[in-house]
Amino acid sequence: MSAPYTPFMDPRTARPPGVGPLDRAAWLCVDDDFAAQMAERDALFEAPDDDVACALPEGEAPTAELLALLLDWTARDGRWRREGGAVIRPDSVAVPLDASPLTVIGRLMQEDALLLIPGEPEYLLVAGTLCFPQRWALSEKLGRPLTDVHRPVPGYPETLAARINRMFAALRVEAPLMRINWLVHPTDTLRIVQREAQKGPPPDPGRGWHLRTERQCLLRLPQTRAVVFTIKTTVTHVDRLSAEHRAGLRDALAGWGPGEIAHRGGVPIWRAALDALA
Ligand code: HEM
């Protein structure tokens with residue numbers, strides 16, 4: 001399994017927004033879980049529904065630009081290689097380039113990718129791939145502005161919306177950004193689709209408690225000026241964390257407010273997670 005990401009260890013990244021600069025060369029991950037996650041992605045892209053990949057008509061040009069960027073990036077990176085009409089991934093699987101652009105994007109990279117275009121008064125979600133949602137559904141969010149996308153997130157309009165809108169407006173092609181979201185879940189299930197009206201705790205299949213991190217990057221596409229938001233999800237059993245990281249995670253979890261606790265599944269699940277880290 002991949003070394004876990006540990007944003008909870010640093011007060012600057014433990015709480016949202018926790019955004020910092022991204023080294024462009026480090027945009028895409030090839031973590032230890034690459035092959036396993038890509039196999040799961042490939043299976044979803046055999047017959048993708050609108051909760052795996054979808055686009056509005058205004059999302060088509062940004063999607064085409066993202067695909068071009070991805071092909072260029074992977075060609076330069078050295079861990080992917082072009083062979084005829086396909087790209088060979090780091091796990092040696094060939095991805096044919098004659099599939100739909102969103103399918104090629106979703107099968108080439110470990111990250112999910114969401115595309116947003118400027119709207120009034122906020123950026124709008126217009127296309128994306130989403131194999132590993134953390135309790136949300138792509139088709140339900142498509143076409144909505146950022147604050148509305150975040151409707152279930154407590155405190156978003158008051159504390160995050162204005163900062164994130166400014167960040168989007170100011171994002172420069174040459175200066176991408178990143179942040180890491182983190183949670184403690186009673187599951188290692190990567191794909192957790194939930195609609196807003198049916199939001200509930202994450203499933204508990206009895207495989208123990210896991211740290212779930214989402215490494216999120218924000219890049220501006222130069223032609224369409226769309227913003228691409230990529231998410232690399234990593235799940236790590238809490239028993240695999242060092243004593244220092246377990247203690248840091250417990251402290252950060254203990255600091256959640258009532259709104260965050262309720263949004264992320266409720267008090268019983270929060271208490272059980274704290275106990276699992278004790
Ligand atoms: C850098 C800026 C961003 C920050 C600080 C941020 C912050 C957050 C936070 C704190 C949550 C709650 C996560 C949790 O439950 O653990 C969240 C959820 C979410 N975010 Fe963001 N976000 C950002 C950008 C975006 C973008 C660009 C999208 C694009 C669509 C997005 C889509 C979502 C969705 C769909 C959810 C789940 C909402 C739900 O519960 O239904 N976020 N975000």
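## Thr233 in strand S10

Thr233 belongs to strand S10. In this predicted model, Thr233 is buried, with a relative accessible area of 0%. Beyond its neighbours within four places in sequence, Thr233 contacts Asp33, Gln37, Phe132, Leu190, Arg212, Thr213 and Glu214.

## The iron site

The ligand carries an iron atom for which the protein supplies a single donor, the NE2 atom of His150, at 2.0 Å. His150 is located in the loop between helix H6 (146-149) and helix H7 (156-170).

The buried residues are Leu102, Thr103, Val104, Ile105, Gly106, Arg107 and Leu108.

Two packed helices are described by the angle between their axes and the distance between the axes. For helix H2 (residues 34-44) and helix H4 (residues 101-108), the axes come within 9 Å and cross at roughly 155°. H2 is therefore roughly antiparallel to H4, given that angles over 145 degrees are classed in this way. On the H2 side, the contact involves Phe34, Met38, Arg41 and Asp42, which meet Gly106, Arg107 and Leu108 of H4. By type, the residues of this contact comprise three nonpolar, one polar and three charged.

## The nonpolar cores

The largest nonpolar core has 39 residues, among which Trp27, Leu66 and Ile105 touch the most other members. Two or more residues each are contributed by H2, helix H3 (60-77), H4, strand S6 (112-117), strand S7 (124-129), strand S8 (177-185), strand S9 (210-220) and strand S10 (227-237). H3 provides the largest share of this core, five residues.

Apart from its neighbours within four places in sequence, Trp27 is in contact with Leu22, Leu66, Leu69, Leu70, Trp73, Glu111, Arg215, Cys217, Leu219 and Thr230. A second, separate core contains 22 residues, including Leu130, Trp136, Leu142 and Leu218.

## Trp80 and its surroundings

Trp80 occupies the loop between H3 and strand S3 (81-83). Its relative accessibility is 3%, so Trp80 counts as buried. When neighbours within four places in sequence are set aside, the contacts of Trp80 are Leu28, Val30, Phe34, Trp73, Thr74, Val87, Ile88, Arg89, Pro90 and Leu108.

Two of these partners, Phe34 and Leu108, also take part in the contact of H2 with H4. Trp80 and Leu108 are 28 residues apart in sequence, and their C-alpha atoms are 8.8 Å apart in space.

## Backbone features

Most residues other than glycine have a negative phi, and most peptide bonds are trans. Two peptide bonds and two residues are described here against that background.

Pro16 and Pro17 are joined by a cis peptide bond with omega of about 5°; Pro17 lies in the loop between helix H1 (11-14) and strand S1 (20-21). The bond from Glu120 to Pro121 is also cis, with omega near 5°, and Pro121 is placed in the loop between S6 and S7.

Ser92, although not a glycine, has a positive phi of about 70°. Ser92 is found in the loop between strand S4 (86-88) and strand S5 (94-96), and its relative accessibility of 59% makes it exposed. Arg135, likewise not a glycine, has a positive phi of about 65°. This residue lies in the loop between S7 and helix H5 (138-141); at 2% relative accessibility, Arg135 is buried.

Definitions and conventions: Residues are numbered from 1 along each chain as its sequence is written. This is a predicted model: local features need pLDDT of at least 70, side-chain atom pairs count only at pLDDT 80 or more; totals for chains, interfaces and linings use all residues. Side-chain values use heavy atoms; hydrogens and water are left out. Axes are lines fitted to C-alpha atoms, for helices over the stretch in contact, and angles run from 0 to 180 degrees between N-to-C directions. Helices (H or I, at least four residues) and strands (E, at least two) are DSSP runs, numbered from the N terminus. Angles under 35 degrees count as roughly parallel, over 145 as roughly antiparallel, 65 to 115 as roughly perpendicular and the rest as oblique. Contact means heavy atoms within 4.5 Å. Ala, Val, Leu, Ile, Met, Phe, Trp, Tyr, Cys and Pro count as nonpolar, Asp, Glu, Lys and Arg as charged, and the others, Gly among them, as polar. A nonpolar core is a set of buried Ala, Val, Leu, Ile, Met, Phe, Trp, Tyr and Cys residues joined through side-chain atoms within 4.5 Å. Buried means under 20% relative accessible area, exposed over 50%, partly exposed in between (1.4 Å probe, protein chains only). Donors are N, O and S atoms within 2.8 Å of the metal (3.2 Å for Na, K and Ca); water is not among the atoms, so sites may look incomplete.
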